[in-house]
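Take a look at the structure below before reading on.

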Amino acid sequence: MLFYGDSGTGKTFLSCCVAKELLDNGYLVVYRTIDELIKDLREIRFENNYNLEDLLINCDLLVIDDLGAEQLTEFSATEFFNFLNKKLLKKKKMLVSTNLSLPDISKNYSERISSRLLGNFKLYKFYSEDIRIQLNLKRK
Ligand SMILES: Nc1ncnc2c1ncn2[C@@H]1O[C@H](COP(=O)(O)OP(=O)(O)O)[C@@H](O)[C@H]1O
Ligand SMILES: [Mg+2]
């Protein structure tokens with residue numbers, strides 16, 4: 001699944017609800033922000049952390065939060081593509097969330113990444129006012 005929509009529309013919240021439901025039913029869910037994931041990919045590549053690779057690849061669900069917030073480098077682009085492709089080939093489940101619009105995904109990422117994100121994921125657009133701001137206003 002790919003959750004996309006503006007900031008504060010509840011993407012992280014719903015991702016955590018999905019994760020909790022699965023965890024409560026005995027599934028292994030791993031949550032990473034995209035920054036944390038890129039850091040992990042670096043550790044796998046340079047420190048040969050195979051246990052970490054196994055966890056990220058073979059968990060029942062990997063939640064990747066805030067795609068688009070990371071610094072785009074050649075390393076992140078290559079490693080993220082390889083990782084995404086490996087997961088898709090093995091038919092492993094992922095839940096990606098992003099503040100980027102679909103056109104921005106195509107703009108920010110190479111075609112081979114954006115084509116997979118837009119073509120292989122179920123796309124869910126999040127609509128609402130910024131709930132974070134609404135909650136803050138209610139408190140006042
Ligand atoms: N369905 C919901 N019911 C109540 N509060 C929600 C709901 N969805 C999100 N929130 C709250 O709104 C705020 C923003 O949600 P968040 O998931 O962080 O948004 P996003 O990840 O899209 O930026 C958080 O404080 C969150 O707890
Ligand atoms: Mg979020």
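How do the residues of the lining of the largest pocket divide into nonpolar, polar and charged? They divide into 5 nonpolar, 1 polar and 4 charged, where Ala, Val, Leu, Ile, Met, Phe, Trp, Tyr, Cys and Pro count as nonpolar, Asp, Glu, Lys and Arg as charged, and the others, Gly among them, as polar. This is a predicted model, in which local features need pLDDT of at least 70, side-chain atom pairs need 80 or more, and totals for chains, interfaces and linings use all residues. Residues are numbered from 1 along each chain as its sequence is written, chains are lettered from A and ligands numbered from 1 in the order written, and side-chain values use heavy atoms, without hydrogens and water.

Among the residues lining the largest pocket are Met1, Leu61, Lys91 and Phe121.

Now to ligand 1. The residues around ligand 1 (those with a heavy atom within 4 Å) include Asp6, Gly10, Lys11 and Arg132. This shell holds 3 nonpolar, 5 polar and 3 charged residues. Here are some polar contacts, meaning pairs of N or O atoms within 3.5 Å:

| Residue | Protein atom | Distance to an oxygen atom of ligand 1 |
|---|---|---|
| Thr9 | backbone N or O | 3.2 Å |
| Thr12 | polar side-chain atom | 2.8 Å |
| Phe13 | backbone N or O | 2.7 Å |

Taken alone, ligand 1 exposes 560 Å², and the protein buries 66% of that (areas by the Shrake-Rupley method with a 1.4 Å probe).

Finally, the rings. The whole structure has 3 aromatic pairs, that is, rings of Phe, Tyr and Trp (its six-membered ring) with centres within 6.5 Å. Phe3 and Tyr124 form an edge-to-face pair, 5.9 Å centre to centre with 90 degrees between the planes; edge-to-face asks for over 60 degrees.

Technical notes: On a 1 Å grid over the protein atoms alone, a cavity is a set of points where a 1.4 Å probe fits but cannot get out, and a pocket is an open set with protein on both sides within 12 Å along at least five of seven lines; lining residues have an atom within 4 Å of a point. A polar contact is a pair of N or O atoms within 3.5 Å; within protein, one must be able to donate a hydrogen and the other to accept it, and residues adjacent in sequence count only if both atoms are side-chain atoms. Rings of Phe, Tyr and Trp (its six-membered ring) pair if their centres lie within 6.5 Å; planes under 30 degrees apart count as stacked, over 60 as edge-to-face and the rest as tilted.
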